Amino acid sequence: MTNAVQLTGITKRFPGVVANADVNITVRPGTVHAIVGENGAGKSTLMKILYGMQRPDEGTIQVDGAEVSFHSPADAIKVGIGMVHQHFMLADNLTVLENVVLGNEPRAGGRLDFRAARAKIREISGSYGLGVDPDRLVDDLGVGERQRVEILKVLYRGARTLILDEPTAVLVPQEVDELFGNLRELKAEGLTILFISHKLDEVLSVADDITVIRRGTTVASVRPGEVTARQLAELMVGSALPVPELRESTVTDTAVLEVDGLTVLATDGRTVLDGVSFTIHAGEVLGIAGVEGNGQAELVDALMGIRPPAAGVVRLRGKDVNRLSTRHRREAGVAFIPEDRHRQGMLLEATLWENRVLGHQTRVPNARGPLIDRRGAKVDTQRIVHEYDVRTPSIDVVAAALSGGNQQKLIVGREMSGNPVLLIASHPTRGVDVGAQAAIWEHIRRARAEHLAVLLISADLDELIGMSDRIAVILRGQLVSEVDPGAVTPQELGSAMTGAGEEVA
Amino acid sequence: MTGATPSSQIEKHRRFSARAVLLGLAAPVGALVFAALVCTAILVVSKHSPADVVDSMVTSAKRPRTFVIALNNATNYYLAAVAVAIGFRMNLFNIGVDGQYRLAAMLAAALAGASFMDGLPPFLRIAMTIIAAMAVGAAWAGIAGFLKVTRGVSEVISTIMLNAIATALVAFLLNPNRLAVLTGNDIHTPEITAGGQVPGIPYPGTSSATVHGLIIVAAAVGVLYWFVLARTRFGFDLKATGLSESAAVASGVNVKKMVFLSMLLSGGVAGLVGMPELLGGAHSYSLNFPPGIGFIGIAVALLGRNHPVGIAFASLLWGILDASSNGLDVSGVPKEIVAIMQGVIVLSVVVAYELVRRYRVRLEQNEVGRALGRTQVPEAVSS
């Protein structure tokens with residue numbers, strides 16, 4: 001049988017950097033092939049080469065036994081290779097249907113034939129259990145649903161080999177199971193999946209073959225039955241993974257954030273957050289567990305003053321802040337690590353020190369009266385770069401030049417500045433490598449010990465259980481239950497998140 | 001190898017900025033060269049000698065009188081371009097600069113020419129005229145800002161419509177029964193008397209033309225624009241909103257307020273556009289008052305990359321091209337070739353900027369990758 005994809009001796013140099021060196025990967029057809037490696041190990045570059053976004057300097061790519069050369073992603077899709085990106089490439093203001101057909105519009109007699117496309121989307125969605133409604137606005141979808149739209153988009157274009165870049169980073173266990181179910185169905189139909197991840201348990205459970213990449217080159221090819229997660233981790237980084245855990249409780253009885261009956265309506269009038277009430281004390285981490293799209297984003301937006309609530313009260317240190325603007329809330333000591341750092345956390349085309357100013361425009365050391373204190377901001381950016389180990393040659397490079405993990409470290413460092421009293425952290429370690437993850441946890445722990453109140457939202461249940469003093473479960477916009485992180489397993493938490501004991505459609 | 005020593009970091013820093021300047025120049029220079037090539041081709045095809053054209057334009061531009069006219073044109077263009085650039089920095093497209101400055105110039109001219117102004121000291125008269133023009137411009141642009149903030153109306157649509165309304169309004173008011181007077185066949189606002197005029201600055205080599213005195217105001221606007229953008233919190237919020245509205249909102253920027261304020265500012269600067277000509281040359285608003293400067297401002301702002309110095313060079317280039325085009329007719333070449341050249345410059349510069357922007361980001365990513373030695377062998381990293 002010919003191989004679905006065979007990469008031989010792939011080498012890619014950027015000026016002064018070898019991103020990939022002599023990479024050899026053989027992907028059998030009808031299998032799930034996992035590619036594991038730390039962030040920065042060269043997985044992304046390799047996938048960009050396979051997807052036609054970049055061209056290798058050396059080496060060959062064979063698809064179904066025939067050598068190919070890609071000049072653009074369009075060439076890759078022609079031979080049936082499709083990519084599901086980690087950062088979704090969807091137009092928010094279009095419907096699922098419009099997003100899927102974008103760039104590949106079906107025509108019937110010179111007109112757009114949405115009916116056929118809609119039927120085809122329903123069919124694909126149904127046969128792989130993606131559960132995607134073609135007529136919903138992408139803006140209204142949660143992260144998990146957006147990912148399914150991305151997968152559908154690639155399938156719609158007739159891909160036979162799917163590249164999934166860290167697909168589970170945004171999913172909860174049940175969704176991961178669902179995704180893996182989908183992948184197995186795809187596999188059964190003869191499709192081939194390239195699965196990029198650094199979550200080893202998942203890789204071991206779903207993959208047929210595993211290729212490990214370290215520092216730009218393939219270091220091992222193994223079968224899941226032959227290795228343990230620990231061995232795989234050692235192959236990847238040479239050390240075991242850090243564990244999220246809190247030490248002794250630092251909870252005080254000073255209430256920092258009191259939320260009472262908070263209700264938020266969507267633009268179409270649906271209730272997306274329904275009478276949510278909770279209190280977070282100084283030195284306490286409240287974890288919010290929930291399947292993506294159950295009101296977490298709305299909760300965060302309402303707490304930050306980005307979206308006005310329909311009802312309810314938010315009190316910060318006893319003071320009603322409902323009418324305060326986002327800026328005033330930030331000045332009152334609310335720090336914010338957003339779920340999508342590129343959308344809400346930074347200005348990609350601005351320098352690092354300008355990103356240090358962002359969100360802290362009105363405060364020392366960034367501002368002096370109505371003026372920006374450039375010197376103060378730069379000095380403090382140096383401090384963050386140093387304390388948070390942001391790997392960068394200079395604070396004058398644009399944020400886009402940093403890797404995702406380093407961008408996140410800069411954001412965490414910024415938000416921890418200026419003695420916040422409350423931290424709202426959405427997926428603080430998403431897409432971050434092992435070392436940075438441990439560092440971010442340590443910073444949150446330290447701040448908690450100094451009486452920071454933290455609202456932690458995460459899809460990583462280990463992180464949620466390990467880092468929270470209490471966990472509240474959010475389902476369809478309501479806090480449905482509270483669990484003790486000391487006594488719950490990820491599996492139990494996962495079923496609570498989908499509404500245990502309830503009939504879920 | 002790791003580039004972590006302080007001296008190499010400083011060196012790196014300097015190289016970053018030297019390269020930034022080079023990259024910044026690459027796009028406009030490349031676009032100019034490309035435009036020159038296109039124009040040469042057009043001239044050759046239409047059987048004119050490119051050399052003759054260049055010759056006559058250069059000869060014309062060397063004449064002091066032409067240069068003064070170019071400088072005065074450039075002053076108008078500069079103000080219009082800054083007005084446009086303020087919007088661009090926020091991702092707001094103020095197409096209405098044209099209507100804003102014409103309405104502002106007309107009403108300010110009516111005020112400055114009114115008889116009660118005669119009794120006031122010159123400085124006060126001039127200041128009142130300028131402030132009135134800015135207020136009118138700001139108010140007219142403010143309508144578009146208000147509509148966008150409260151009703152979500154695209155400023156592109158509303159400012160285009162406001163341009164048309166301004167044209168009609170100016171025509172309505174410029175009537176002997178209302179704000180205008182009739183001198184022979186010429187209908188205009190009352191002549192501004194000497195006390196309300198801004199004297200020109202003589203330029204060596206010509207006595208028939210002077211540089212508009214209000215060129216100083218244009219320069220001041222440029223400095224202020226730079227200062228506000230680069231040094232103030234307001235400017236930071238404005239740039240942040242332009243780079244990513246969602247990130248700006250999350251950082252606490254009140255985007256609606258910023259939209260409204262920047263439309264007011266843009267309109268205020270637009271109100272200034274007609275002032276150098278009104279107070280320094282025409283001394284009344286008439287049908288001969290130069291139209292279309294607002295649209296030229298859009299092109300100049302694009303060419304100048306919304307940067308105060310870039311816009312200065314761009315407006316000077318535009319002014320020189322316009323002023324020297326008059327010399328072409330004499331040499332038998334249709335002067336429309338200049339309009340073609342300007343059009344090609346704008347088109348190619350937009351493309352060139354995007355190419356350079358992408359290249360710059362990639363270059364910087366590689367630079368960072370190299371400085372960090374991301375793909376070095378483990379021994380080299382840990383040592």
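In the predicted model, helix α8 (residues 233-243) of chain B packs against helix α10 (residues 255-272) of chain B at an angle of about 105°, and the two axes are 11 Å apart. Angles of 65 to 115 degrees count as roughly perpendicular, and α8(B) and α10(B) are therefore assigned to that class. On the side of α8(B), the contact is made by B:Asp237, B:Leu238 and B:Thr241, and on the side of α10(B) by B:Val255, B:Met258 and B:Ser262. By class, three of the residues in this contact of α8(B) with α10(B) are nonpolar, two are polar and one is charged.

The buried residues of α8(B) are B:Phe236, B:Asp237, B:Leu238, B:Ala240, B:Thr241 and B:Gly242. Elements of both chains take part in covering these residues: the cover includes α12 (352-357) and β20 (371-372) of chain A, and α7 (215-231), α9 (245-250) and α10 of chain B.

Chain B as a whole contains 15 helices and four strands. Its C-alpha atoms fill a box of roughly 90 × 55 × 35 Å along the principal axes. Of the 383 residues of chain B, 46% count as buried. When contacts in chain B between residues at least 6 apart in sequence are considered, 77% of them join residues at least 24 apart.

The mean pLDDT of chain B is 86, with 92% of its residues at 70 or more. Two stretches of chain B have pLDDT under 50. One of these is residues 1-14, for which the model has 14 contacts beyond four places in sequence. Residues 374-383 of chain B also stay under 50, and the model has 14 contacts beyond four places in sequence for this stretch. The scores of the model are ipTM 0.82 and pTM 0.74.

For chain A, the domain assignment gives domain 1 (5-237), domain 2 (250-333 + 421-429 + 449-505) and domain 3 (339-418). The C-alpha centres of domain 1 and domain 3 of chain A lie 32 Å apart.

A further helix pair is found in chain A, where the axes of helix α14 (residues 404-415) and helix α15 (residues 434-449) come within 10 Å and cross at roughly 10°. Because this angle falls under 35 degrees, α14(A) is roughly parallel to α15(A). The residues making the contact are A:Gly405, A:Gln408, A:Lys409 and A:Val412 of α14(A), together with A:Ala436, A:Ala439, A:Ile440 and A:His443 of α15(A). The contact of α14(A) with α15(A) comprises four nonpolar, three polar and one charged residues.

Two individual residues of chain A were also examined. A:Glu387 belongs to helix α13 (residues 374-387) of chain A. A:Glu387 counts as partly exposed because it has 14 C-beta neighbours inside 10 Å. Its C-alpha atom is separated by 9.8 Å from that of A:Leu410, a residue 23 residues apart from A:Glu387 along the chain.

A:Ser426 lies in strand β21 (residues 422-426) of chain A. With 23 other C-beta atoms within 10 Å, A:Ser426 is buried, the cut-off being 20 or more. Beyond residues up to four places away in sequence, A:Ser426 touches A:Val300, A:Ile337, A:Pro338, A:Glu339 and A:Ile457. A:Ser426 and A:Phe336 are 8.0 Å apart from C-alpha to C-alpha, while 90 residues apart in sequence.

Technical notes:
Residues are numbered from 1 along each chain as its sequence is written. Chains are lettered from A and ligands numbered from 1 in the order in which they are written. This is a predicted model: local features need pLDDT of at least 70, side-chain atom pairs count only at pLDDT 80 or more; totals for chains, interfaces and linings use all residues. pLDDT is the predictor's confidence in each residue, from 0 to 100. Two residues are in contact if their C-beta atoms, placed from the backbone, lie within 7 Å. Domain bounds come from an automatic or database domain assignment. A residue is buried if 20 or more other C-beta atoms lie within 10 Å of its own, exposed if 12 or fewer, and partly exposed in between; C-beta atoms are placed from the backbone. Axes are lines fitted to C-alpha atoms, for helices over the stretch in contact, and angles run from 0 to 180 degrees between N-to-C directions. Angles under 35 degrees count as roughly parallel, over 145 as roughly antiparallel, 65 to 115 as roughly perpendicular and the rest as oblique. Ala, Val, Leu, Ile, Met, Phe, Trp, Tyr, Cys and Pro count as nonpolar, Asp, Glu, Lys and Arg as charged, and the others, Gly among them, as polar.
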